[in-house]
Amino acid sequence: MDEEYDAIVLGTGLKECILSGMLSVSGKKVLHVDRNKYYGGESASICPLEELFSKFGAPAPDESYGRGRDWNVDLIPKFLMANGQLVKLLIHTGVTRYLEFKSVEGSYVYKGGKISKVPVDQKEALASDLMGMFEKRRFRNFLIYVQDFQQEDPKTWKDFDPNTADMQALYDKFGLDKNTQDFTGHALALFRDDDYLKRPALETINRIKLYSDSLARYGKSPYLYPMYGLGELPQGFARLSAIYGGTYMLDKPIDEIVLGEGGRVVGVRSGTEVAKCKQVYCDPTYVPDRVRKKGRVVRCICLMDHPIANTKDALSTQIIIPQKQVGRNSDIYVSLVSYTHQVAAKGWFVAMVSTTVETDNPEIEIKPGLDLLGSIRQKFISVSDYYEPTDDGLQSQIFISQSYDATTHFETTCLDVLDIFKRGTGEEFDFSKIKHELGDEEQ
Amino acid sequence: MATIKIPEQKVILCGEYGVGKSSIFRRFTNNTFVTATDRKSTLGLDHYSKTYRVCDRDLKLQLWDTGGMERVASITSSYYKFAEAAVLVFALDNPASFHVLSQHLLDIVTYAENAKIFLCGNKADLLSDVPQITDSEIEAFCEQCHNLITGTYKTSCKTGEGIEEMFTDIAYQLVQSNRSRLELQSMEQHGFKITPTEEIPEDSCLC
């Protein structure tokens with residue numbers, strides 16, 4: 001450890017692993033340390049099942065749960081948008097070769113106490129039970145507008161300036177009612193609250209396009225999920241970093257981040273060892289005095305022996321409960337994966353209900369989500385604080401990632417990573433630096 | 001793009017740092033040998049595929065190197081996933097690397113329980129008159145592992161001796177044991193790899 005590095009990365013969560021990989025690929029000498037014995041930090045998948053039970057202080061699972069080693073339970077549920085930022089990162093870095101994926105089978109939205117398939121194309125819009133007859137046609141026209149919309153071609157904007165006019169104005173232009181606005185904004189554009197209505201419409205249009213482009217890639221739904229759980233993602237990027245020279249140390253407590261002149265970081269101390277460095281990249285848990293609490297997220301892991309009702313027995317699915325439907329300010333997300341993803345023993349399902357905490361009783365807040373699941377064999381509830389850094393790290397050269405938010409996909413995760421990389425290195429990540437041909441040669 | 005899908009079998013290298021896993025990898029990929037254990041030369045080694053013809057059928061062995069992660073930390077469990085074969089490597093001149101194998105074996109059966117396991121004593125060129133690890137010790141080890149070991153080999157990456165024979169035999173063993181499974185293997189059962197497609201419109205887009 002007593003060496004000098006360009007960058008020391010603390011924590012092996014997904015964000016830190018992506019950063020570590022990107023830095024190593026860019027030719028930096030990287031030391032990557034985790035205080036835990038395992039990779040992944042908060043974004044690990046817990047295996048075996050016994051460990052999950054003991055983590056939450058529950059008595060050991062009985063034999064009906066099958067073999068404990070067949071389980072890989074995520075602590076933070078998320079899906080990948082098939083055409084989203086993370087998939088682009090996976091492809092450009094070649095990390096996709098370490099992983100296999102499955103398409104998530106269904107995407108649903110909650111309305112008036114029941115769930116309906118999220119309509120994305122014109123045909124589905126007309127067949128959907130979410131809207132009345134006239135509304136369907138208005139929604140269809142809206143979808144056609146979004147589909148034809150090209151950011152670089154103002155002719156496709158149809159006398160509407162998406163850079164200045166807000167999203168509410170665009171909804172009004174098509175005469176969409178509150179209900180339709182609700183599922184469009186929350187189930188297609190995947191906003192967590194209604195603030196987007198007052199922002200320029202361009203953002204929402206692009207998000208709806210991301211949803212439909214993602215859907216177009218593998219059918220069924222716009223979401224992907226990796227075999228063996230999300231914990232495979234940080235490990236893939238860690239391997240990338242190692243292959244490009246990154247050094248890994250697990251089970252290494254960090255006692256101090258050593259500062260030098262002007263409050264600039266000069267190294268990291270563990271016991272009596274000090275590793276010198278020019279920069280530190282870390283998650284909020286390593287620097288409690290440099291982050292502030294932004295909010296709380298409640299997550300409930302539910303182990304079940306059946307799929308969710310009214311989803312055509314989908315073996316994986318996502319359900320979004322828009323805030324207004326249940327009188328809240330932020331959406332409730334339900335995600336389900338199963339034994340087909342190698343995350344549970346045969347016949348078992350893992351559901352996760354999550355949302356941003358708004359009251360003093362977060363457990364009650366997720367009830368509408370839990371009610372959709374039917375009988376639950378075992379439930380684990382956790383409430384975690386959501387942190388953000390207090391500064392941009394330019395002065396101290398300590399770059400801190402934000403905690404994982406309640407969103408069910410990785411778009412915000414990747415934006416944070418790319419932003420940190422840019423602040424840390426002063427440049428955008430150059431994807432061409434990765435030598436694709438390494439090991440990729442087919443002969 | 002290949003039109004006919006040749007079954008591909010993931011083979012991983014396991015063992016202590018410095019026993020010559022990367023050297024085996026290098027012999028496998030381009031039949032070269034680097035003397036200096038220069039860390040830099042390990043950089044960029046990921047995995048490499050080579051086709052073997054066994055009993056009139058083609059089989060692709062996809063060999064994976066550890067990327068040096070075992071040096072100070074543990075290897076990710078991902079490394080073991082989907083592996084059909086694991087080669088436990090030790091150095092014939094280094095008894096410690098042999099006696100620690102049970103630990104690596106445990107990792108393999110934990111994370112890659114379906115993998116066939118092979119034992120490889122490397123650095124055969126360094127063998128002195130009095131062997132550091134005797135054949136009977138190797139046999140005893142195999143017996144202790146309840147015959148989990150499918151085959152044992154002695155190799156030298158320096159001379160290249162035994163390397164090609166080892167992989168040919170591994171390919172043969174995999175075909176023998178997987179005969180029926182290979183025929184049943186369909187893409188449906190597993191997930192799929194994300195592949196770059198229609199990337200051109202992405203780049204021309206301003207968003």
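Colleague: Where in chain A is confidence lowest, and where is it highest?

Modeller: Confidence in chain A is lowest in helix α4 (residues 122–127), at a mean of 83, and highest in strand β19 (residues 398–400), at 98. The score is pLDDT, the predictor's confidence in each residue, from 0 to 100, while helices (H or I, at least four residues) and strands (E, at least two) are DSSP runs, numbered from the N terminus. This is a predicted model, in which local features need pLDDT of at least 70 and side-chain atom pairs count only at pLDDT 80 or more, whereas totals for chains, interfaces and linings use all residues. Side-chain values use heavy atoms, with hydrogens and water left out; residues are numbered from 1 along each chain as its sequence is written, and chains are lettered from A and ligands numbered from 1 in the order in which they are written.

Colleague: Over which residues of chain A does pLDDT stay under 50?

Modeller: Chain A as a whole averages a pLDDT of 92, with 97% of its residues scoring at least 70, but over residues 436–443 the value stays under 50. A contact means heavy atoms within 4.5 Å, and for that stretch of chain A the model has 14 contacts beyond four places in sequence. Chain B averages 82, and 81% of its residues score at least 70; over residues 199–207 of chain B the pLDDT is below 50, and this stretch has 8 contacts in the model beyond near neighbours in sequence.

Colleague: How many helices and strands does chain B have?

Modeller: Chain B has 7 helices and 6 strands, and along the sequence they follow the pattern β-α-α-β-β-β-α-α-β-α-β-α-α. Among the contacts in chain B with a separation of 6 or more, 73% are between residues 24 or more positions apart. Burial is judged by relative accessible area: buried means under 20%, exposed over 50%, and partly exposed in between, with a 1.4 Å probe and protein chains only. Of the 207 residues of chain B, 47% count as buried.

Colleague: Which residues does B:L45 touch?

Modeller: Leaving aside residues up to four places away in sequence, B:L45 touches A:R239, A:I243, B:S22, B:F25, B:R26, B:D65 and B:G67. B:L45 lies in the loop between α2 (39–42) and β2 (47–54) of chain B, and because its relative accessible area is 12%, B:L45 is classed as buried. B:L45 and B:G67 are 22 residues apart in sequence, yet their C-alpha atoms are 6.4 Å apart in space.

Colleague: Which residues of helix α3 (residues 85–93) of chain A are buried?

Modeller: An α-helix has 3.6 residues a turn, so residues three or four places apart point the same way. In α3 of chain A the buried residues are A:L86, A:V87, A:L89, A:L90, A:I91 and A:T93, and the helix is followed by A:G94, whose phi is positive, near 75°.

Colleague: What is phi near in A:Q342?

Modeller: Most residues other than glycine have a negative phi, and most peptide bonds are trans. The phi of A:Q342, a residue other than glycine, is positive, near 60°; A:Q342 sits in the loop between β16 and β17 of chain A and is partly exposed, with a relative accessible area of 32%. B:N31 also is not a glycine and has a positive phi of about 55°; B:N31 is found in the loop between α1 (21–30) and α2 of chain B, and with a relative accessible area of 54% B:N31 is exposed. As for the peptide bond, A:C47 and A:P48 are joined by a cis bond with omega about 0°, and A:P48 is placed in the loop between β3 (45–46) and α2 (49–55) of chain A.

Colleague: Why does the second largest cavity lie between domain 1 and domain 2 of chain A?

Modeller: Domain bounds come from an automatic or database domain assignment, which for chain A gives domain 1 (4–43 + 231–292 + 387–433), domain 2 (58–83 + 93–105 + 295–386) and domain 3 (118–218). The second largest cavity lies between domain 1 and domain 2 because both give residues to its lining. The centres of domain 1 and domain 2 of chain A, taken over C-alpha atoms, are separated by 28 Å, and their contact takes 23 residues from domain 1 and 22 residues from domain 2. On a 1 Å grid over the protein atoms alone, a cavity is a set of points where a 1.4 Å probe fits but cannot get out, and lining residues have an atom within 4 Å of a point. About 80 Å³ of space lies in the second largest cavity, whose lining includes A:L14, A:D74 and A:F410.

How values were computed. 1 Å grid on protein atoms, 1.4 Å probe; cavity = no way out; pocket = protein on both sides within 12 Å on 5 of 7 lines; lining within 4 Å. Points joined across faces, edges and corners; volume = space filled by probe spheres on them.
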